[in-house]
Amino acid sequence: MSKSIFIEHANQLITLKGKSNSPRVGKQMSDLQIIEDGAVYIESGKIVEVGKTEEIKKKLGGKLEGIKHIDATGKIVTPGFVDPHTHLVYAGSREEEFNMRLNGASYMDIMNNGGGIHATTFMTRNASSKQLFNESKRRLDQFLLHGVTTLEAKSGYGLEWDSEMKQLTVAKELNAVHPIDIVSTFMGAHAVPKEYKGCPDAYIDLIIEEMLPHVAKNELAEFNDVFCERGVFTPEQSRRVLEAGKRLGLTPKIHADEIEPYEGAELAVEVGAISADHLLKISQKGIQLMADKGVIGVLLPGTAFFLMTEAADGRKMIDQGVPIALSTDCNPGSSPTCSTPLIMNLACIHMGMTPAEVLTATTINAAYGINRGNEIGSIEIGKKGDLAILNVPNFMQLLYHFGMNHTHTVIKDGEIVVQGGKLCYPSR
Ligand SMILES: N=CN[C@@H](CCC(=O)O)C(=O)O
Ligand SMILES: [Zn+2]
């Protein structure tokens, strides 16, 4: 078990301490609960004390002798970042498609001509588990270097029994050896595989009758996601998949209203999804329903940026009471990045979110987006010792100096895993 750590003299300790056990909405998203000259004491992987440095030192006295001290003078300390929407486990890359899009091709045209998700499916099906593990581990290391300590990872590049299970098994293996905690989502309904072209309902039957029961029985995932989009899966087909998963104990998530308005947000509310993600084309009714039911909107500004489309209206959704989280959407087609700080910056510039809202959306609200709001996402007594120490004197500078990685130290479960901007976790 990890030893004790005392972090002291943080210029700003961004605690995000909450007043309730629910995601932050509206003005609550701007309340970071900052402690100046802050300190955190971690023991056995958990946060034990949080407060002003002198007060904590006085309280703990001799207990602090001989333990690891980290001087955070001139830096800020935040909860480890949480990414609630990634397609972490895949093989290969799609830089030629980027070039095609720069020359005018659309994302959906490329997909309908056998590229896009189908191209990655081809490469993922043909990759060995070892190759998938190694390629995905490199991305996980990048996430860790950018301050991420927990992320969600979806399947959805197998689109057949063996390859979907291969992706989920690799995610499980990575979770066992890598410092980042991985929370798995089954997304067999990411695209209609080419073998089922023209008969998507037969593929939905396969998902419902064979894949979902196996995933649930073997505890390979806790969430179930679907790409509800015109030309992919209809709201009716999406509903069938999400309801079937629910009966087996898998919590619904949904890729909703990304390219066209398609009543995805409305479906998310109807099936009781924990989140609806993308939402570039959400309807006013969808916003209202999500706000009323507290369904988390996971917004992905890197995807809009990379696809060169207008980003989701985060400002409007926050103002109307939707709890908002942010994510990289890390995937090889529409957002090939592991940089949470870049996503934060894009959310300010393209979604009208403030730096404080962005911090809430990448920590506590992101944690609620994967049902971990009681364990991570804020610096509070009893939560996991997951922290990022960033080399900026105040949180505004984190967003102001854009395109840079300010992550200096990362602490996961009370252990230092990144130091001086370099990985230092022991290999398991
Ligand atoms: N929109 C659907 N799925 C992914 C993209 C997958 C891909 O292009 O490979 C997303 O969330 O952006
Ligand atoms: Zn996605």
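Modeller: A residue counts as buried if 20 or more other C-beta atoms lie within 10 Å of its own, as exposed if 12 or fewer do, and as partly exposed in between, with C-beta atoms placed from the backbone. This is a predicted model, in which local features need pLDDT of at least 70 and side-chain atom pairs count only at pLDDT 80 or more, while totals for chains, interfaces and linings use all residues. Residues are numbered from 1 along each chain as its sequence is written, and chains are lettered from A and ligands numbered from 1 in the order in which they are written.

Biologist: Why is L279 called buried?

Modeller: L279 has 30 other C-beta atoms within 10 Å, and the cut-off is 20 or more. L279 is therefore buried.

Biologist: Why is E263 called partly exposed?

Modeller: E263 has 18 other C-beta atoms within 10 Å, so it is partly exposed; the class lies between 12 or fewer and 20 or more.

Biologist: What makes the phi of E263 and of L279 worth noting?

Modeller: Most residues other than glycine have a negative phi. E263 has a positive phi of about 60 degrees, and L279 has one near 65 degrees.

Biologist: Where are E263 and L279 found?

Modeller: E263 is in the loop between β10 (251-256) and α9 (264-271), and L279 is in the loop between β11 (275-278) and α10 (284-293). Helices (H or I, at least four residues) and strands (E, at least two) are DSSP runs numbered from the N terminus; the chain has 16 helices and 17 strands.

Biologist: How do you know that the radius of gyration agrees with a compact globule?

Modeller: The globule rule is 2.2 Å times the number of residues to the power 0.38, and the radius is taken over C-alpha atoms. With 428 residues, the rule gives a value near 22 Å; the chain has 21 Å, which agrees.

Biologist: What makes up the largest nonpolar core?

Modeller: A nonpolar core is a set of buried Ala, Val, Leu, Ile, Met, Phe, Trp, Tyr and Cys residues joined through C-beta atoms within 7 Å. The largest has 128 residues, and those with the most contacts inside it are V40, V77, A268 and A347.

Biologist: How confident is the predictor?

Modeller: On the pLDDT scale, the predictor's confidence in each residue from 0 to 100, the chain has a mean of 98, and 100% of its residues reach 70 or more. The complex has an ipTM of 0.97 and a pTM of 0.98.
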